[in-house]
Amino acid sequence: MRLQKIIAAVALVFALTISPAYAQRSSGPDDPSGFVVLSDVVPDIIQEIRYYSTYNFVGDRIDGYEQPCALMTIEAAQALKKVSDDVMKLGYRLKVYDAYRPQRAVDNFVRWAEDLDDKRMKPYFYPEVDKTKLFSEGYIDAKSGHSRGSTIDLTLFDMKTGKELDMGGTFDYFGELSHPDYKGNLTKQQLKNRQILRDAMIRNGFKPIATEWWHFTLENEPYPDTYFNFTISDLKKR
């Protein structure tokens with residue numbers, strides 16, 4: 001049994017260190033072959049998978065989130081390991097809210113957005129935005145980069161204080177407050193904290209977006225045109 005565990009561990013290391021050109025590739029939207037459990041590659045990461053819980057802008061567990069586990073493509077996970085190593089030197093750990101998101105979860109968001117009577121979580125996540133404008137203002141879309149497997153939503157955890165770093169706004173808040181360069185009433189320290197995360201991600205091959213300080217996509221993502229739909233539990237079953 002011990003020998004089998006050693007062999008399995010060696011196989012995992014080999015799979016994660018070979019050139020991406022030779023890595024196992026996914027053959028279609030329901031094939032998780034090119035994905036890994038993120039914590040297997042980045043063991044120091046903290047996970048708070050919001051769409052597995054009910055504390056999100058919908059107010060329910062989201063379709064496809066059958067385990068509170070972050071998955072990413074092999075290439076994105078390898079790059080995130082470098083980010084983790086960088087921020088650890090500064091006294092921080094990465095904390096992930098969401099990574100791979102099945103297309104069925106995005107479909108769940110769309111159905112919710114079309115139900116204008118369901119505003120349970122409005123005070124917490126979109127108090128300044130009318131729900132009728134979630135599509136037109138770009139907060140909800142029928143496709144998400146997360147479904148391609150190389151996008152992640154995350155923040156920094158301060159190991160000294162034992163708390164998340166103060167970013168001056170919360171994950172998944174719909175509004176200008178979430179823009180990375182929002183000045184408004186943010187303090188210099190809050191802006192600096194956002195910049196620490198942004199710099200570490202960019203330095204290691206991720207690109208940010210202009211509307212969410214927590215959102216980054218691997219610049220050279222391996223599946224730029226594939227929107228995967230396997231559930232979060234599917235990889236665990238293989």
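Begin by selecting D98 and, leaving aside its neighbours within four places in sequence, you will find it in contact (heavy atoms within 4.5 Å) with Y51, Y65, H146, T151, I152 and D153. What you are viewing is a predicted model, in which local features need pLDDT of at least 70 and side-chain atom pairs count only at pLDDT 80 or more, while totals for chains, interfaces and linings use all residues. Residues are numbered from 1 along each chain as its sequence is written, and side-chain values use heavy atoms, with hydrogens and water left out.

**Stay on D98**

D98 sits in strand β4; helices (H or I, at least four residues) and strands (E, at least two) are DSSP runs, numbered from the N terminus. Its relative accessibility is 1%, so D98 counts as buried, where buried means under 20% relative accessible area, exposed means over 50%, and partly exposed lies in between, computed with a 1.4 Å probe on protein chains only. Show the side chains of D98 and Y65, and you will see them make a polar contact at 2.7 Å; such a contact is a pair of N or O atoms within 3.5 Å, of which, within protein, one must be able to donate a hydrogen and the other to accept it, and residues adjacent in sequence count only if both atoms are side-chain atoms.

The term stands for a side-chain nitrogen of Lys or Arg within 4 Å of a carboxyl oxygen of Asp or Glu. Both R101 and D98 are buried.

**Other salt bridges**

The structure holds 11 salt bridges. Select R111 and D63, whose closest N and O atoms are 2.8 Å apart in a salt bridge. This pair links distant parts of the chain, since R111 belongs to helix α4 (residues 103–114) and D63 to the loop between β2 (46–47) and β3 (71–73), 48 residues apart. R111 is partly exposed, with a relative accessible area of 45%, and D63 is also partly exposed, at 33% relative accessibility.

Then move to D118 and R120, a salt bridge in which the closest N and O atoms are 3.0 Å apart. D118 is buried, with a relative accessible area of 14%, whereas R120, at 43%, counts as partly exposed. Selecting E48, R50, K95 and E164 together brings up one network, joined by salt bridges that share partners.

**Helix α6**

Now select residues 188–203, which form helix α6, with 16 residues and a reach of 22 Å from its first C-alpha to its last, close to the 22 Å expected at 1.5 Å a residue; the expected span is 1.5 Å times one less than the number of residues. Which residues of α6 are buried? They are Q190, N193, R194, I196, L197, A200 and M201. These residues cover an arc of only 145° around the axis, which puts them on the same side of α6, the arc being that of the directions from the helix axis to the C-beta atoms. On the face turned away from the buried side, colour the exposed residues K188, K192 and R203.

To see what covers the buried residues of α6, display α3, β4 (92–98), β5 (151–158), β7 (206–208) and β8 (215–218), which are included in that cover. α6 is followed by G205, whose phi is positive, near 100°.

**The nonpolar core**

The largest nonpolar core has 61 residues, and those with the most contacts inside it are L38, F57, L80, I152, L156 and M201. Such a core is a set of buried Ala, Val, Leu, Ile, Met, Phe, Trp, Tyr and Cys residues joined through side-chain atoms within 4.5 Å. Helix α3 (residues 74–88) gives the most to this core, with seven residues. The buried residues of α3 include I74, L80, V83 and V87.

**A last stop at L177**

Finish at L177, in the loop between β6 (163–164) and α6. Not counting residues up to four places away in sequence, L177 touches G168, G169, Y182, L186 and R194. L177 and E212 are 35 residues apart in sequence, and their C-alpha atoms are 8.7 Å apart in space.
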